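Visitor: Hi! Could you walk me through this one? I'm new to it.
Guide: Happy to. Let's have a look together.

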Amino acid sequence: MSLFDLLGIKQKNSASKARERLKIIVAHERAANQAQMGAPDYLPSLQQELLEVVRKYVDIADDQVKISMEKRNELEVLELNIALTEADKNDLNEN
Amino acid sequence: MSTVIVVTSGKGGVGKTTTSAAFATALALRGHSTVVVDFDVGLRNLDLIMGCERRVVYDFINVINEEGNLNQALIKDKRVENLYILPASQTRDKSALTQVGVTRVMEALKERFEYIVCDSPAGIEHGAQMAMYFADVALIVTNPEVSSVRDSDRIIGMLASKTLRAEQSLDPVKEHLIISRYVPGRVNKGDMLSADDVQDILAIPLLGVVPESDAVLKASNEGVPVTFQEDSDAGQAYHDITARFVGEDRPQRFIQEQKGFFSRLFHHP
């Protein structure tokens, strides 16, 4: 008998901890996988090549080229975002 | 019309091969012509669990590479009519499972068998993807334990995207949950996830629960699928699971503690 039992305090049992942890992680991972699902396999290499092209002109970081594929109604939309910082813009003017 | 069933889990060691062997045997015992196929190329074990390891001459990869034909590779079970085993190769790796080759073998099996049970390797890589690709139905084997449940959820996601049915926008793969190594007493004490908990998290229908059982180790020791131990709890659980699978109504006997009934049944002098 533990101190908790003697004091009449009910501890949360390990199975309910497991249940709570699983609910959170599974929901999180499902959302992440859903975002990837249906995305064509070529997205990572497309992103890499675009990065190389842009880098000929502007020095940007890997995460500045964002690319995603979405289904909107019947249309598939390929969305491409290249965010430039103030420093990048100066680069652009110099070139 | 034949049905392709994948037995899968993501995590290793949860009971995929035990389930494949026991379920395929139970189907055959009910009179259905059944083949159980080992997709675990490089780590074959289905032959050992089925007790036919010394009868393997040609294997799945030999058939894919046309080094032998399907009839040479299929091993007929000696205990039950209508049951065949297609062993995996022990010397090759999973890349030998080419899509074209697997398609050809599956088409040939569909000509001959009512049920094709595919024993998936662990993991989510090529071997596991090939095992699930042609599935009409999936048996997802899960232990009531966090890592197994999480991995099963990952596999369920893949069934919805990386199968022929998903690619061709056919009806989705039908999913059934099997919870194995279940200990009702520990669930009651709050030390183990309950069948309800697991079902609730994975959100797929429960086909059955297989209790943690000495019979499973005994079965693998002897190379006799646990289904043949008709008086064991695990053996009965697999008979129940198979009966439900083919549409019979059976009560879930193994979710609750079986103390009275089973101690009377098994421990009488």
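**Two chains in contact**

Guide: Let's start with confidence: this is a predicted model, and chain B has a mean pLDDT of 94, with 96% of its residues reaching 70 or more.

Visitor: And what does chain A average?
Guide: Chain A averages a pLDDT of 80, and 76% of the residues score at least 70.

Visitor: Where in chain A is confidence lowest, and where is it highest?
Guide: The lowest is helix α1 of chain A, residues 3-7, with a mean of 60. The highest is helix α3 of chain A, residues 43-55, at 89.

Visitor: What about scores for the model?
Guide: It has an ipTM of 0.83 and a pTM of 0.82.

Visitor: On to the contact. How many residues take part?
Guide: There are 15 from chain B and 13 from chain A. About 1300 Å² is buried between the two chains, and carbon and sulfur atoms give 57% of that.

Visitor: Which three residues of chain B supply more of its buried area than any other three?
Guide: Val146(B), Arg150(B) and Ile201(B), which supply 39% of the area chain B buries against chain A.

Visitor: How many salt bridges are there across the interface?
Guide: There are 4. One of them joins Asp200(B) and Lys23(A), whose closest N and O atoms are 3.5 Å apart.

Visitor: Which helix gives the largest share of chain B's side?
Guide: That's α7(B), with 6 residues. Both α7 (146-159) and α10 (195-202) of chain B supply at least two residues each.

Visitor: And what kinds of residues make up that side of chain B?
Guide: They divide into 6 nonpolar, 3 polar and 6 charged.

Key: Residues are numbered from 1 along each chain as its sequence is written. Chains are lettered from A and ligands numbered from 1 in the order in which they are written. This is a predicted model: local features need pLDDT of at least 70, side-chain atom pairs count only at pLDDT 80 or more; totals for chains, interfaces and linings use all residues. Side-chain values use heavy atoms; hydrogens and water are left out. pLDDT is the predictor's confidence in each residue, from 0 to 100. Helices (H or I, at least four residues) and strands (E, at least two) are DSSP runs, numbered from the N terminus. Contact means heavy atoms within 4.5 Å. Buried area is the accessible area (1.4 Å probe) that two parts lose on being put together, summed over both. A salt bridge is a side-chain nitrogen of Lys or Arg within 4 Å of a carboxyl oxygen of Asp or Glu. Ala, Val, Leu, Ile, Met, Phe, Trp, Tyr, Cys and Pro count as nonpolar, Asp, Glu, Lys and Arg as charged, and the others, Gly among them, as polar.
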